[in-house]
Amino acid sequence: SSSYPLPPRWVEDRAVNDGFAMLRKINDHNAYIEALCESSVFAPKLRSERMRYCVGQSLRHRVFGNCVAIGWDPFCDASEGWITANGIDEVLEHGREQPFYHLLFEDGSNRYCSQENLSSNHGGGDCRGPVQHDLVGFFFVGFKMPGYHVLNDALRARCPEDEAASGALAEGEGVEAVGGRGGAASGAGREAQVDEGGGGGGAD
């Protein structure tokens, strides 16, 4: 069979249509970003006395082990369906009315965990090593003893009070690089059995 080139006018019309389609996508994207800004998604998060732990701090979960905090909410900010499916109000002593943390774990998972199931101690001492997780380099630029991951500029802007609250700004040992793709109790037992969503995330 023979093939023939499209008329120049058809080529021009298609290019124009593709251009307008791209502009519509850009406009939709900009509208989405503006909506997020208006809902304070990107606004700095200021700490309250309820917060026991800080972004960048090496922590340990009662079931899942060593982890690092990359975000927090003063109360459980998950959907009602997630809270019900994971028995948050039935299993945890403080239920949803306590801080919850976004965490990266050394088993490669990311989880949303209650404060009561976390500690900053490992066998009676500090969690002293950088957490090994592929995404650590997207949030942190280094690690400082004893147990502080150094926040990148974006995360520092999001959580401007956390480094000071954790003690990471105090004079101490030097900063070492961290890895990652982007880098230069009864309640706990029940939570561990229930996951919602994909990508390694779960209720903790």
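Predicted model: local features only at pLDDT ≥ 70, side-chain atom pairs only at ≥ 80, totals over all residues.

User: Over which ring does the charged end of arginine 111 sit?
Analyst: Over the ring of phenylalanine 64, 3.8 Å from its centre. The limit is within 6 Å.

User: How many aromatic pairs are there by the ring-centre rule?
Analyst: The count is 5. One of them joins phenylalanine 100 and tyrosine 112, with 5.3 Å centre to centre and 40° between the planes.

User: Why is the pair of phenylalanine 100 and tyrosine 112 called tilted?
Analyst: Ring centres must lie within 6.5 Å, and these are 5.3 Å apart. Stacked needs planes under 30 degrees apart, and edge-to-face needs over 60. The angle here is 40°, so the pair is tilted.

User: What makes this pair a link between distant parts of the chain?
Analyst: Phenylalanine 100 is in strand β3 and tyrosine 112 is in strand β4, 12 residues apart. Both residues are buried, the cut-off being under 20% relative accessible area. Ring pairs also link Trp82, Phe100 and Tyr112 into a cluster.

User: Which strands stand at the edges of the open sheet, and why?
Analyst: The order is β4-β3-β2-β1-β5, with antiparallel pairing. β4 and β5 each have a single partner strand, so one side of each is left without a neighbour in the sheet.

User: How do you know that β2 and β3 pair?
Analyst: Pairing takes at least two bridges. Strands β2 and β3 are joined by 6 bridges and run antiparallel. Among the contacts, cysteine 67 has phenylalanine 105 in β3 as its bridge partner.

User: Which element supplies the largest share of the lining of the largest cavity?
Analyst: β9 does, with 3 residues. β9 and α6 each supply at least two residues of that lining. The volume of this cavity is about 30 Å³.

User: What is the lining of the largest cavity like by class?
Analyst: There are 4 nonpolar, 4 polar and 1 charged residues. The lining includes Val55, Gly56 and Glu163. Glu counts as charged and Val as nonpolar, while Gly falls among the polar ones.

Notes:
Residues numbered from 1 in each chain as written. Heavy atoms only, no water. Phe/Tyr/Trp six-rings, centres within 6.5 Å; stacked < 30°, edge-to-face > 60°. Helix = DSSP H or I, 4+ residues; strand = E, 2+ residues; numbered from the N terminus. Buried < 20%, exposed > 50% of the residue type's maximum accessible area, 1.4 Å probe, protein only. Lys NZ or Arg CZ within 6 Å of the ring centre and 35° of its normal. 1 Å grid on protein atoms, 1.4 Å probe; cavity = no way out; pocket = protein on both sides within 12 Å on 5 of 7 lines; lining within 4 Å. Points joined across faces, edges and corners; volume = space filled by probe spheres on them.
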